[in-house]
Amino acid sequence: MRALFREIFSANLLFTGIVITAAAIVVFYGAVYLIVYTDVGKKLGFLITGAAIFGWNTLGSLFFVLYAPRGPRPEDIEGLNAFQIRIIPLAFMIASAILFAMFLYALARYEAEQERLEP
């Protein structure tokens, strides 16, 4: 079995990268969710974890968009210009900000529902 995994992961680097990235995301987000879940419960833990993760992603993307590598570039090297290097982080920042706002809205609705249920 070990030889099979070694053969699969060494043969296709794209597959290896996708598996490792997916596993890292599941482990990181899952660990955060598990810790929060043990303190506040399943639904509220999911909402808090989602808001925290997408807020963190929004800030990280914003910092990259603002402080991405810039400065004079040698003329003989081909590559992306200052705007092109920021397109993907800008799109990720916008998507993360939208999801962050959605999780905050869901948290506000959850709080309102809990206050309405309490006598």
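Leaving aside its neighbours within four places in sequence, which residues is S61 in contact with? The answer is P89, F92 and M93. Contact here means heavy atoms within 4.5 Å.

Some ground rules. This is a predicted model, where local features need pLDDT of at least 70, side-chain atom pairs count only at pLDDT 80 or more, and totals for chains, interfaces and linings use all residues. Residues are numbered from 1 along each chain as its sequence is written, and side-chain values use heavy atoms, with hydrogens and water left out.

Back to S61. Where is S61 found? In helix α3, residues 42-67. Helices are DSSP runs of H or I, at least four residues, and strands are runs of E, at least two, numbered from the N terminus. S61 is buried, because its relative accessible area is 7%. Buried means under 20% relative accessible area, exposed means over 50%, and partly exposed is in between, with a 1.4 Å probe and protein chains only.

Stay on helix α3. T58 has its place there. At 15% relative accessibility, T58 counts as buried. Not counting residues up to four places away in sequence, T58 touches M93, S96, A97 and F100.

L62 is also in helix α3. Is L62 buried or partly exposed? Partly exposed, because its relative accessible area is 31%. L62 and F92 are 30 residues apart in sequence. In space, C-alpha to C-alpha, L62 and F92 are 9.2 Å apart.

Next, L47. This residue lies in helix α3. L47 counts as buried, at 9% relative accessibility. Its contacts, not counting residues up to four places away in sequence, are F103, A106, L107 and Y110. Take Y110: it sits 63 residues from L47 along the chain, and the two C-alpha atoms are separated by 9.0 Å.

That brings us to the core. Which residues make up the largest nonpolar core? L47, A51, F103, L107 and Y110, 5 residues in all. A nonpolar core is a set of buried Ala, Val, Leu, Ile, Met, Phe, Trp, Tyr and Cys residues joined through side-chain atoms within 4.5 Å. Helix α3 and helix α4 (87-117) each supply at least two residues of this core. Helix α4 gives the most, with 3 residues. A51 touches F100, F103, L104 and L107, again not counting residues up to four places away in sequence.

Now the rings. How many aromatic pairs does the structure hold? It holds 4. Rings of Phe, Tyr and Trp (its six-membered ring) pair if their centres lie within 6.5 Å. F46, F54 and F103 form one aromatic cluster.

Last, the start of the chain. Helix α1 covers residues 2-11, and helix α2 covers residues 13-40. Their axes come within 5 Å and cross at roughly 105 degrees. That makes α1 roughly perpendicular to α2, since 65 to 115 degrees counts as roughly perpendicular, under 35 as roughly parallel, over 145 as roughly antiparallel and the rest as oblique. Axes are lines fitted to C-alpha atoms, for helices over the stretch in contact, with angles from 0 to 180 degrees between N-to-C directions. From α1, the contact uses I8, F9, S10 and A11. From α2, it uses L13, F15, T16 and V19. These residues divide into 6 nonpolar, 2 polar and no charged. Ala, Val, Leu, Ile, Met, Phe, Trp, Tyr, Cys and Pro count as nonpolar, Asp, Glu, Lys and Arg as charged, and the others, Gly among them, as polar.

Methods. Rings of Phe, Tyr and Trp (its six-membered ring) pair if their centres lie within 6.5 Å; planes under 30 degrees apart count as stacked, over 60 as edge-to-face and the rest as tilted.
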